[in-house]
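Have the sequence and the 3D view side by side, and let's walk through them together.

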Amino acid sequence: MYSFKTLSGEITINQEKCLSCENKPCLEICPPQILKEEEGKVMLGIDEASVKKGKCIECLACELECQFKGNGALSISLPLPEESL
Amino acid sequence: MTKLMEHQSKDLFKKEGINVSPGEVVQTGEQAKKAAQEFGGAVAVKGQAFITSRAKAGAIKFADNADEAGKMAEEILSLNIKGKQVEKVLVEQKLSLKDEYYAGVIINDALRSPMIVFSSMGGSGIEEIAEEHPDKVVYHPINIREGLKEYEARNILIDAGIPSGQLLGLATLLVKLYNTARKYEARSAEINPIGLTEDNKLFAVDGRVVVDDNAVFRHPELGIEVAREMDHPPTDLDRIAYKVEANDYRGTFFFMQLETDTSDSAGYVGFHGCGGGGSMMGMDALMRAGFKVANFCDTSGNPPASKMYRAAKIILSQPHIEGYFHSGSGMASQEQYHIARGLVKAFREANLSIPAVIRFGGNSEEEAKEIIENYTKDLPAKIEVYGRDTSVNYAARRLKEIIEESK
């Protein structure tokens, strides 16, 4: 499973699912355009350090688009400071 | 503004050289009895709570002996003040006082400076004393660059009619109080009463320091967990929410748990506003619609969707809430779709089953409405979404109606 850290969370992409996703709506919806497609798979188009510093603005748009218009490959984990809820 | 308990405030006074009665903080009746035995004689047993007029609330009692002190401590520890159990009592040697005064150092926003307030009459009900005897109260602004000089303190006391024999001791105390306030960057530091004992010694009998929220990070020694003005010690939810804010500089996230016990299910809702003014309007509208607000959350300053998600998740985690109400401001400059996406993620994770009304007010609100409408339609809850053209009162009334319909 492909994953990378954001400022306060982590994005995980099941790239096998991307292979059969024709539209890849996550690419277009991303405001800072940090994702790219390579051989049918979605991955980071910029370096991970920049993403972790805040280049990914955690708008959650990619996740919604992927879940509803794509193949349900991308999910975002946003833990709370204490996972007790 | 972060309030410190009486015993914490007194620790600060003591460090600055102000006399405080010998005392011990305890958590059981047995411990209180033991402390009273060590002091010998009469003691004061004082519940530590963030309220004024504790004596009227039954949280301050006077015991003649150790057995009595133990029983009184148990009584006080069984008190529930504003929904929060009293967890600690301060057992102090009882002082025999012949006079009481009030002194406070308060940041006066209008004057943009600290101000000394001194009253030659102190004790319980100081607000009423100030109203009934304005001649006893002196207000004196302090030049923050110069600080409070001893001669200046004496002049304040002379203006308040303090006899010459008490000037030196009280002036020294005022300077020490001012220094305490400055050292810990207090919005206010009050001693009420300053007690004058039979042998002419001055004591801080009761007191309260309130630290500026924005200065708390410079004072780890104070051990403040949540830098917020609260009427209760922080709850688990308060702590978690504060850490979200502390670890994420993007936008603001103010959360406060208003009700700690919602088990009576008396019409509680979770409230999520955006922007101070809009949030106040939202709270008012909910109250007018007959709700009780279980928690207050205000996210503003263009926070990311991830922060909105965490806010919604924390709000929804409070048990027994019957509805979720989000109301933005009249016209916020922040993109409303960030709010929408955060809410959708939280609602979907919770498989939201309680009714929700979302009222957006700001940029891209049509897009935000579409996000909520399109991505929550398969959830069990009835969710209605509005824009700024809908009044906040109408939105609150709709929440009431759909909660009733869903019962």
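R348(B) is partly exposed, with a relative accessible area of 28%. For that label, buried means under 20% relative accessible area, exposed means over 50%, and partly exposed is in between (1.4 Å probe, protein chains only). Before going on, note that this is a predicted model, where local features need pLDDT of at least 70, side-chain atom pairs count only at pLDDT 80 or more, and totals for chains, interfaces and linings use all residues. Residues are numbered from 1 along each chain as its sequence is written, chains are lettered from A and ligands numbered from 1 in the order in which they are written, and side-chain values use heavy atoms, with hydrogens and water left out.

Back to R348(B): it forms a salt bridge with D378(B), and the closest N and O atoms are 2.8 Å apart. (A salt bridge here is a side-chain nitrogen of Lys or Arg within 4 Å of a carboxyl oxygen of Asp or Glu.) This pair links distant parts of the chain, with R348(B) in helix α10 (residues 336–350) and D378(B) in the loop between α11 (365–376) and β19 (383–386) of chain B, 30 residues apart. Helices (H or I, at least four residues) and strands (E, at least two) are DSSP runs, numbered from the N terminus. D378(B) counts as exposed, at 51% relative accessibility.

D206(B) sits in the loop between β12 (202–204) and β13 (207–211) of chain B and R54(B) in the loop between β3 and β4 (60–63) of chain B, so the pair ties together parts that are 152 residues apart in sequence. D206(B) is buried at 16% relative accessible area, and R54(B) is buried at 4%.

Next comes the salt bridge between the side chains of R187(B) and D109(B), at 2.9 Å from N to O. R187(B) belongs to strand β11 (residues 186–197) of chain B and D109(B) to the loop between β8 (97–108) and β9 (113–119) of chain B, so this pair ties together parts 78 residues apart in sequence. R187(B) is partly exposed at 21%, while D109(B) is exposed at 54%.

Now find strand β7 (residues 89–93) of chain B. Buried or exposed, what are most of its residues? 4 of the 5 are buried, so the strand is largely enclosed by the rest of the structure. Strands count as paired if DSSP finds at least two bridges between them. Strand β2 (residues 23–26) of chain B pairs with β7(B) in the antiparallel sense over 4 bridges, and there V26(B) has V89(B) as its bridge partner. Strand β3 (residues 43–47) of chain B also runs antiparallel to β7(B), joined by 5 bridges, with V45(B) opposite V91(B).

Finally, the backbone. A cis peptide bond, with omega about 5°, joins N192(B) and P193(B), and P193(B) is in strand β11 of chain B. N200(B) has a phi near 60°, a positive value in a residue other than glycine. You'll find N200(B) in the loop between β11 and β12 of chain B. Over in chain A, E39(A) is a residue other than glycine with a positive phi, near 50°, and it is exposed at 77% relative accessibility.
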